[in-house]
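Hi there,

Here is the structure I promised to pass on. Have a look through it first, and then read my notes below.

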Amino acid sequence: MEIVNRPHVQNFIRWAADKPEVVVLSADLTNSCEVGAWRDTYPERFFSLGMAEQNMLGFAGGLAREGFEPFVHTFAVFIYRRPYDQLAMSIAYPNLPVRLMAFLPGITTPGGVTHQAIEDVAVMRATPNMTVLETGDATEVESVLDVAHAVDGPVYVRFLRGRVPRLFPRTEPMVLGQARVLHEGDDVTVLTAGITTEEALRAVPALADAGVHATHLHVSTHKPFDDPTVLAALRRAKRGVVTLENHTIVGGLGTAVAELMAEHAVGTPLVRLGLRDTYAHGASQAYLMREYGLDAMALVRAVERLTDTDTGLAEDDLAKVRVEEVHSLAKAEAL
Amino acid sequence: MVTPSSTATADVERVAQRIRRRVFEHVMRNGGGYLSQACSSAELFATLYGRVMHLGPSQAPLEPVAFPGVPGPANPDYVSGGAYNGPRDPEFDRFIFSPAHYALVLYAALIEFGRLAPAALEAFNRDGSTVEMIGAEHSPGVETTTGSLAQAISQAGGIALGRRLKGEPGRVWVLMSDGEFQEGQVWEAVQALVHYRLDTVGVYADVNDQQCDGRMDDVMRVGSIGERLRAFGARVFDVDGHDVDALAAPAAMEPDGRPLFVLAHTDPTRGVPLLRERAPNLHYLRFSSDEERERYQHAFAAFDEEA
């Protein structure tokens, strides 16, 4: 698997070259959000707003009203959690084209509860006018810019940074409202988003080898959630559906799938894997994924329960887990 | 239409008194309302529209449209209430209205300046109308949605920054209330305006020492707003908020790199001394008895004779 080092850094610089309306706002996490080189390339379009996110979102709204396309870069928790009223009233209500680049989604950071955005998809899905996207690999980190740019209104993006795997070919960019079908089978349907897709890619082939065949969909658009491919995959599942998300199971991917199944009378069991209505704490991503049941083995066990199967699969039977160093040159600090 | 700089002091004062009268009349007809805000800020609105702001003619109908739905991709024909303040041409100023519960005073000001039909107040707080009690950006004269207080100044900062990037000379005027200075966001905004030397932003604040729960000093003391602002690096003028010339003077000065704050010290019972009996409960006038209502009706009649 190709691992791309800091894909956003040069890609965003290239992408913004012919878009003078694109400006960047940052709240003292510029290098951590991989826009330090962008700032040095386009200093006249970069605005440091300091540790003052409420005001930053107001500035973003004002700039958008004047025809600019602000790309707010900071950690997710400081976009949807701390300044939510400003996000809702100064950006979302007026449907302004502000791009909220939300770093450190879910348990991707050892920064602990204060830095882990675990209910952001729920909050952003509930916010009218908001489009909600999530990147799952380097190709999506690169192509989400075009997707967000084309939306008439605000966009929230769960963003990956540092060392990011390339799971999908460069020639297959993210498309708004279109899930990727990564595996096909009739027994169960598995839906993943963001970093959990890499986990499912370890589990699904092993399950197939053990005789349990899954359709696996990678979701990059949380809202709108009306992709006919998703509905077809849900209807296809004979034994049940499993969602695996880097988020609380309340209000995120699992909930969106449940809503869709209920609305379309898809009568099959649904297992939602994710944080079970709990906060997490500061530790490595691999540890937290295992601890909270967000990893490949958690998916295997859920599928076994749904299908009443003992596959005999153990951790060693799966493709090796990719463990990222907490201390890496790919990150500005260990956060 | 009354245009800025051509308006004599006596005319602006008369307009202010008519704003107060129109709000008072409406409050009597509706059995209550935000009267003290009109008492304190009538000269502020009259001076902003009559002397300070460089605005083109209204781009909106005199009779306000019905509620057009909220902004969104499914509502491309949405029209901003900011259209009442004229076109968004580069040379024109912009008006950003922060304390949205002053909406009735704003509507009255728009009427006095010929930007809104007097009959528009018939639709005030009526179902399906844009002439809302608190107002959002579809309401006449309202460009941003600021009923959640203290958000206007940040949005104005973004607008001013955007206009500077585009090379537009027009200024951005913000009307605030003093209670908003309790919100942390205001101070975040002030430090950003100072940091980016956004001297095209001019804030007029109605310093009437009142908020919903009563006197500001009792609810949460902020002390001298002027001293705080100066410590942040802003350009500050403390003026008598009922003195039209004093209000207008700072706006006529050449910007000097610092955001401008005009702190208009006002009396929330100005023109309606009967309100003093209610102090410090001035935020919203609701009559507790027929007798009280009768006394206000007399006060209104007396106000009419004076005016």
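A residue counts as buried here if 20 or more other C-beta atoms lie within 10 Å of its own. By that rule, 55% of the 335 residues of chain A are buried. Please keep in mind that this is a predicted model.

Chain A as a whole: it has 12 helices and 14 strands, and its C-alpha trace spans about 60 × 45 × 40 Å along the principal axes. A compact globule of 335 residues would have a radius of gyration near 20 Å, so the 19 Å of chain A agrees with that. Among contacts in chain A between residues at least 6 apart in sequence, 78% join residues at least 24 apart.

Next, the two chains together: 24 residues of chain A are in contact with 22 residues of chain B. On the chain A side, helix H3 (53-65) and helix H5 (84-92) each supply at least two residues, and H3(A) gives the largest share, with nine. That side of chain A is made up of nine nonpolar, 11 polar and four charged residues.

The contact of H1(B) with H2(B) involves 10 nonpolar, three polar and three charged residues.

Best wishes

Note on methods. Residues numbered from 1 in each chain as written. Chains lettered and ligands numbered in written order. Predicted model: local features only at pLDDT ≥ 70, side-chain atom pairs only at ≥ 80, totals over all residues. Contact = placed C-beta atoms within 7 Å. Helix = DSSP H or I, 4+ residues; strand = E, 2+ residues; numbered from the N terminus. Nonpolar A, V, L, I, M, F, W, Y, C, P; charged D, E, K, R; others polar. Rg over C-alpha atoms; globule rule 2.2 N^0.38 Å. Buried ≥ 20, exposed ≤ 12 C-beta atoms within 10 Å, placed from the backbone.
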